[in-house]
Amino acid sequence: MTIDFGQPREAADNRELVAQRLKELRNGSGVPETLTVEWRGKPIHVEVIDMPVEVLRYNPGTHRIRAQRAYDPARDRALDEDPWSPESQEYLHSLLKALPADPSVTDKAFEDLLESLREYQQNEPGLITRDCILVNGNTRRAALKELGRTSMRVGVLPETCTWSDIHAVELSLQLRPDTRRDYSYINHLLALEEQVKLGKPLPEIARNFHTTTPACDRDLWILAQLRDLLNRSSTGTISLRLMDFENAKERFAELYRTYNTESARNRERADLMKEGRLAAIVLEFAKTDVRFIQPDFHERFLDKRLPAELRPEPAQETTAVAIPGLGRTVQAASARVTAAKTLTDSLLRAKAVKAAGSATTAEEQRAAAEVFERAHEVFNEALEFAGKDFRLRKKRLAAPDRVADACKDLEQCVTDLVLARGNASLDEGAFDDALLQLRTVMERVAIEAGKSVPLPGEGLTWLNGAVGRQQ
């Protein structure tokens, strides 16, 4: 279900003004400007008029700042209660200018828009309802207001427009593959979730979002993880917000891939890796550092470095957990996974206190900062050793991987020989030259392998025999 925010107080006057401007447009000379939009599944052309900037109202349901509304909980509640009050509209104005990851800072993209409008004027019209609610062009209206411009070109939707239409049209315009300013990462996830809640099939949503069904599955999984992190970060009075993870897109995408791969082999090891990576994401480590965290990260690199104040209490092994009301049980998390989750939870709560700012006491801020900084130091040291181990493992596996790749090429060569024999297309001279080159390379491999492997196994013994090398 879509939210119905009602109408602005000036809705009747706005409708009258819009009707007057449309009448003037139709009675005028020349070709009127139109805008094509997707309307209830079909493209329609709507007329474009000039409207005073001051009568246009920001859309309180716009997907562009859905996550950022949580930046100021008190103003967010006031916006829910009365989205058309001057205070609520001013809050939306400030969020439309702001950096999605930190609404206290003006977004560089907004500054670029200001400069573009200052130099080139308005190139593309916005879109409004008859009540003057902006369906598209909220950020442009904010920029025009900042520049002191008095009018804005806008297309006008049909009179029967409902809030369901407003949400649908806004989304369809935003998802057009053009140079439009994209939704932020979190707002993209929320827009996707909204479509799922409306009952649309995932393949259809994927087409509308110009992506794939597996990508939608990934994004929904990530959003579920984010909501779980918010719950785990709660101290009872404060918690993290979705917007606090705006800059973690690539880290969560990589977590999704590696978790699914590891989970197919061993669920407990996958959960251990996930908790380690989530903790590193909370501590704001880069993607290149986070990927060093493997299922054995806690046991091999982290646990022994944790100070007493960060070390979780030993958890008792529980074989099963009862599901209330169903009389059934499910396999419980192991003690190691529980301990890893406990550590992640403590870091989430510390980050929530830090993010809350003035909503918490100075003492709470100091304690949270100490936990966060100490944990960052410990993780940084553990990741340094994990990174060295990761690179060493890659070096150890490099030679075997190259031999395995060569085997695949040779298997394809067998197929090519069969096909060539069928149509007599084999270049025998070139093939013989390639075999001589293969012999030379295999001789060199045998020599270097003999230096590296003191006790040859069956494979190296065969290679030595194949190239005529004495062991």
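Mentor: In this predicted model, helix H2, residues 73-81, packs against helix H3, residues 86-97, with the two axes 9 Å apart. The angle between H2 and H3 is about 125 degrees. H2 is therefore oblique to H3, since angles of 65 to 115 degrees count as roughly perpendicular and those over 145 as roughly antiparallel. The crossing of H2 past H3 is left-handed. On the H2 side, the contact is made by Arg75, Asp76, Ala78 and Leu79. On the H3 side, Glu87, Ser88, Glu90, Tyr91, Leu92 and Ser94 take part. Sorted by class, this contact of H2 with H3 holds four charged residues, four nonpolar ones and two polar ones.

Next come the strands. Five of them form an open sheet with mixed pairing, and their order across the sheet is S1-S2-S7-S5-S6. Strand S1 (34-39) and strand S6 (134-136) are the edge strands, as each of them pairs on one side only. On average, and with direction ignored, neighbouring strands of the sheet are turned by 45 degrees against each other.

S1 pairs with strand S2, residues 42-52, through six bridges in the antiparallel sense. In this pairing, Thr34 is placed opposite Glu47 of S2. S1 and S2 form a hairpin with two residues between the strands, and Arg40 in that hairpin has a positive phi near 55 degrees. On to the next pair: S2 and S7 run antiparallel and are joined by five bridges. Here Pro52 stands opposite Ser151, which belongs to S7.

Leu127 is found opposite Asn136 of S6. Two helices pack on this sheet. Helix H5, residues 138-146, touches S5, S6 and strand S7 (151-156), and the direction of H5 makes about 115 degrees with that of S6. Helix H6, residues 163-174, touches S1, S5 and S6. The direction of H6 makes about 110 degrees with that of S1.

Now for the single residues. Glu193 lies in helix H7, residues 185-197. Its relative accessible area is 16%, so Glu193 is buried, the cut-off for that word being under 20%. If neighbours within four places in sequence are left aside, Glu193 is in contact with Leu220, Leu223 and Arg227.

Gly276 belongs to helix H11, which covers residues 267-282. Gly276 counts as buried because its relative accessibility is 0%. With neighbours within four places in sequence again left aside, the contacts of Gly276 are Ile293, His298 and Phe379. Asp296 is 20 residues from Gly276 along the chain, and the C-alpha atoms of Gly276 and Asp296 are separated by 9.4 Å.

Terms used: Residues are numbered from 1 along each chain as its sequence is written. This is a predicted model: local features need pLDDT of at least 70, side-chain atom pairs count only at pLDDT 80 or more; totals for chains, interfaces and linings use all residues. Side-chain values use heavy atoms; hydrogens and water are left out. Axes are lines fitted to C-alpha atoms, for helices over the stretch in contact, and angles run from 0 to 180 degrees between N-to-C directions. Helices (H or I, at least four residues) and strands (E, at least two) are DSSP runs, numbered from the N terminus. Angles under 35 degrees count as roughly parallel, over 145 as roughly antiparallel, 65 to 115 as roughly perpendicular and the rest as oblique. A crossing is left-handed if the near helix is turned anticlockwise from the far one by less than a right angle, and right-handed if clockwise. Contact means heavy atoms within 4.5 Å. Ala, Val, Leu, Ile, Met, Phe, Trp, Tyr, Cys and Pro count as nonpolar, Asp, Glu, Lys and Arg as charged, and the others, Gly among them, as polar. Buried means under 20% relative accessible area, exposed over 50%, partly exposed in between (1.4 Å probe, protein chains only). Two strands pair if DSSP finds at least two bridges between them.
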